[in-house]
Amino acid sequence: MADRTVLLFGSKGQLARELARNPWPAGLTPICHGRAECDLARSGDPLASVERVKPVFVVNAAAYTAVDRAEAEPDAAFALNRDAAGRVAAACNRHGLPLVHISTDYVFDGDKHGPYVEGDPIAPISVYGASKAEGEVAVRAAHDRHIILRTAWVYSPFGSNFVKTMLELGRTRDRLAVVTDQRGSPTAAGDIARTVVALAIAILGDNTRFGTYHFAGAGDVTRRDWADAIFAAAARHGRPAPRLDPASSADFPTAARRPANSALDCSRIARDYAILSRPWRESVEETVDEILTGNGPNNEGGA
């Protein structure tokens with residue numbers, strides 16, 4: 001049987017790059033369309049990409065993710081996270097293609113005690129969160145055969161993220177203050193990529209439980225305790241760990257507010273697709289090992 005194509009929108013982000021390098025099963029070939037092929041941020045036409053590539057499955061991993069900059073650039077955030085998401089979904093609807101669209105824990109306000117489930121009311125407290133929330137609405141309105149996959153606190157050996165920032169700061173400082181009043185579910189982009197592949201296999205095999213799902217690292221943690229785990233993993237490579245002092249979000253004012261709690265309950269995707277989250281600490285250790293050994297993609301200015 002000839003290979004079937006999976007079209008991935010996005011090429012430079014953490015998830016897009018993990019999807020590109022992730023093993024796909026025989027018979028499925030991923031093709032990434034970034035800005036050069038379809039500039040979604042500037043009204044690029046995803047329908048043209050779909051009709052050129054002729055995929056059997058589509059993943060939208062393109063997003064405006066600069067949370068603080070979005071406060072000053074709302075038009076850019078909404079153009080990519082809402083308007084482009086709707087256009088991708090409409091293109092998939094035109095050709096009856098299943099779509100996985102990536103969303104975020106930041107659609108929630110963080111006031112809940114305990115992990116969020118898919119049916120909890122959304123109430124974003126930042127421009128970024130609002131743009132992603134409206135992107136979800138646009139996808140649902142344009143196409144029935146979709147999975148909106150919310151995830152949280154994403155990190156990888158690629159790009160900029162909390163894990164790499166901590167490792168970089170730990171190289172030059174013997175003491176760091178890290179907030180204790182933000183709680184969430186750290187999630188390796190590689191784990192999300194494997195989940196997307198599993199969803200594609202299941203849906204193309206006629207498991208068509210569409211809708212909204214959560215996927216994140218198993219368990220939840222404060223940012224300070226996350227940093228502690230990062231430095232514990234780095235210590236296995238001979239890196240001295242800085243002292244970590246507790247701090248509050250008020251000590252580090254940012255343009256955008258972050259939810260105090262954005263832990264995600266992932267039981268629905270486990271029930272419907274038998275996809276289980278790895279313990280967040282296990283994935284952190286694996287990513288730190290890859291970053292510090294250079295055995296992987298991190299050849300462009302990592303810690």
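**View 1. The lining of the largest cavity holds four nonpolar, one polar and one charged residues.** Ala, Val, Leu, Ile, Met, Phe, Trp, Tyr, Cys and Pro count as nonpolar, Asp, Glu, Lys and Arg as charged, and the others, including Gly, as polar. The model is predicted: local features need pLDDT of at least 70, side-chain atom pairs count only at pLDDT 80 or more, and totals for chains, interfaces and linings use all residues. Residues are numbered from 1 along each chain as its sequence is written, and side-chain values use heavy atoms, without hydrogens and water. The lining consists of Leu-167, Gly-170, Phe-231, Ala-234, Arg-239 and Pro-240. Helix H5 (162–172) and helix H7 (223–235) each give at least two of the lining residues. The space inside is about 40 Å³. Across the whole structure, a search finds one cavity of 30 Å³ or more. (On a 1 Å grid over the protein atoms alone, a cavity is a set of points where a 1.4 Å probe fits but cannot get out; a pocket is an open set with protein on both sides within 12 Å along at least five of seven lines; lining residues have an atom within 4 Å of a point. Points are joined across faces, edges and corners, and a volume is the space filled by probe spheres set on them.)

**View 2. The second largest pocket has 16 lining residues.** Glu-18, Arg-21, Gly-190, Arg-194 and Glu-286 lie nearest its centre. Helix H1 (14–21), helix H6 (189–204) and helix H9 (280–293) each give two or more residues to this lining. H6 provides the largest share, four residues. The pocket holds about 160 Å³ of space.

**View 3. Six strands form an open sheet in the order E2-E1-E3-E4-E5-E10, with parallel pairing.** Helices (H or I, at least four residues) and strands (E, at least two) are DSSP runs, numbered from the N terminus. Two strands pair if DSSP finds at least two bridges between them. Strand E2 (28–33) and strand E10 (211–214) are the edges; each has a single partner strand, so one side of each lacks a neighbour in the sheet. From one strand to the next, the twist averages 20°. (Axes are lines fitted to C-alpha atoms, for helices over the stretch in contact; angles run from 0 to 180 degrees between N-to-C directions.)

**View 4. H6 packs on the sheet.** H6 touches E1, E2, E3, E4 and strand E5 (146–151). Contact means heavy atoms within 4.5 Å. The direction of H6 makes about 160° with that of E5.
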